[in-house]
Amino acid sequence: MRLLALDLGTTGNRAIVFDRDQNILGQAYEEFPQIYPRPGWVEHDPEAIWKGVRRVLKKTFLKIPASSIAAAGITNQRETVLLWDKATGRPIHNAIVWQCRRTADFCERLKKSHGDSIHQKTGLVLDAYFSASKIRWLLDHVPGARKKAENGRLLAGTIDTWVIWKLSGGLHVTDSSNASRTMLFNIHDKKWDESLCRLFGIPLSILPKVVPSSFSVGVTDKKITGAPIPIAGIVGDQQGASFAQGCFSPGVVKNTYGTGLFMVENTGKTPRFSKNLLTTVAWSLGNLDRTEYAIEGSVFIGGAAIQWLRDGLKIIQNAGESEKVAKRLSGNEGVYFVPALVGLGSPYWDSRARGLMIGITRGTTRAHLVRAALESIAYQTRDVMEVMKKDARAPFRVLRVDGGAAANDFLMQFQADILGIPVERSKIIETTALGAAGLAGLAVGAWKNKEAFNRARRVDRVFKPRRLAQKEFLYKQWKDAVKRSQSWA
Ligand code: ADP
């Protein structure tokens, strides 16, 4: 049985075809441009995303015919949101990306009066990260948008919703895991929350129907995919990765090293709350009553720090080079980089924090910057782990890892050293896609249950923690550097 995963990431779009044993039969990937209209603002062109999706599908189907695919699973960068015209299908503005800070002031004001109640209902910390304030911004700033929305002429959606609408020729849906990241979804009732919609000034009618993550919602338009393919899985990227990593019970934790860093622990059938982490829907299997929850730490800049060294500073040519350059030094020589390039997410939640490099001397070279950037990824992961550990019901014995930057051996070893627990790298780094394929496969009977799907999970390498001289001193200095980066903008 062949399962197609469509991974609509922050950096690019990827299509992968898996078989039932988690072998990759074919794949295609394409990056798309990031748009930075102002400092701290990030946008994507939804038409560019859609064109990219069509191209990666076309490339994949050259090798593997669409007619041979049993089901498709869609997974996506979460929270990123757009509005489009129902009749013409044209977006009314670029999508506002999860990292975008344009609504930070609004959220900061709202946090004082509504922070606690919103956390209770949605599991989320009031922050510009989530979709609600971004939809509000679009309705307020695009001429005529609010009126059109009120007249039922606009549709809202995260990237899964947009691409499924295009792929299916008009299905307007999202799944519970994506809905739980909008700040408009009540995670207890599993419904859009009318009072939150009112608070953000968003007509409920523009929101998509919420469906389970593993469930046949419809088929793709054969004019687009060549043959109709059942769309049977929809899941946010981090929840997808957790599914693939077998995070099915408390104590089993995964961390994904992509654009950002996302640590997730499944907490089972009831949501668990922690002050500085997020409570979120993990997935719903077949039915919204079969919803599982997770606790999550979301760090905004992870692999993106390396992307910035490549594209912004141009001191490395490709992300892989960072490993070789960092290894030229035997230590950080006192140089720290806090990559608060779009503020700080978990566990600090400081939208005014900004990037900081400290400890620079005349002897500082590009190797120090590269090493400090890689180390910052590991320190931020420890920051989240420290908070997660406090509320944990089971000890964390190992960290399961994946994502683009998990390919970096230097980073993974340093991660194990600084955490003091083994880091287990998945054989398939594209766990996000694998999770989506797994959820789709489950809906069409490829496996009996999620455990059966997960039996094929394979480990590439385990990084055992080494005794690191001055481990706690290094971490303390990092925390000190973070303090200095805060409340700046
Ligand atoms: P996303 O799904 O968020 O688009 P990916 O999982 O595809 O992200 O990972 C891409 C990110 O990982 C980029 O930010 C890139 O800079 C970083 N990255 C890729 N390879 C490496 C590497 N070898 N070392 C460090 N960072 C890397």
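In this structure, an oxygen atom of the ligand is 2.9 Å from a polar backbone atom of G404, a polar contact being a pair of N or O atoms within 3.5 Å; within protein, one must be able to donate a hydrogen and the other to accept it, and residues adjacent in sequence count only if both atoms are side-chain atoms. The model is predicted: local features need pLDDT of at least 70, side-chain atom pairs count only at pLDDT 80 or more, and totals for chains, interfaces and linings use all residues. Residues are numbered from 1 along each chain as its sequence is written, and side-chain values use heavy atoms, with hydrogens and water left out.

**Ligand surroundings**

- Of the 15 residues around the ligand, T11, T259, G303, G404 and N408 come nearest; a residue is near a molecule or strand if one of its heavy atoms lies within 4 Å of it.
- An N or O atom in the side chain of T259 is 2.6 Å from an oxygen atom of the ligand.
- For Q307, a polar backbone atom is 3.4 Å from an oxygen atom of the ligand.

**The sheet**

- Six strands form an open sheet of mixed pairing, in the order β3-β2-β1-β5-β14-β13; two strands pair if DSSP finds at least two bridges between them.
- The edges are held by β3 (24-31) and β13 (214-219), each with a single partner strand, so one side of each has no neighbour in the sheet.
- From one strand to the next, the twist averages 20°.
- Strands (E, at least two residues) and helices (H or I, at least four) are DSSP runs, numbered from the N terminus.
- Strands β5 (residues 69-76) and β14 (residues 230-236) run parallel and are joined by five bridges, and N76 stands opposite G236 in β14.
- Strands β13 and β14 run antiparallel and are joined by three bridges, and S214 stands opposite G233 in β14.
- Six of the seven residues of β14 are buried, where buried means under 20% relative accessible area, exposed over 50%, and partly exposed in between (1.4 Å probe, protein chains only).

**Helix α1 and K59**

- Helix α1 (residues 46-63) lies across β1 (2-8), β2 (12-18), β3 and β5, and runs at about 150° to β3; axes are lines fitted to C-alpha atoms, for helices over the stretch in contact, and angles run from 0 to 180 degrees between N-to-C directions.
- K59 lies in helix α1 and is partly exposed, with a relative accessible area of 44%.
- Leaving aside neighbours within four places in sequence, K59 is in contact (heavy atoms within 4.5 Å) with A28, Y29 and E30.

**Nonpolar cores**

- The largest nonpolar core has 107 residues, of which I135, L184, F200, L207, Y257 and L399 touch the most other members; such a core is a set of buried Ala, Val, Leu, Ile, Met, Phe, Trp, Tyr and Cys residues joined through side-chain atoms within 4.5 Å.
- Helix α12 (residues 366-391) gives the largest share of this core, 13 residues.
- A second, separate core of 35 residues includes L6, A15, V17 and V173.
- Not counting residues up to four places away in sequence, L184 touches residues including A132, I135, W192, F200 and L207.

**Helix α9 and S242**

- S242 lies in helix α9 (residues 237-244) and is buried, with a relative accessible area of 2%.
- The side chain of S242 reaches the backbone oxygen of Q238 at 2.8 Å.
- Apart from neighbours within four places in sequence, S242 is in contact with C247, K254, V264 and W283.
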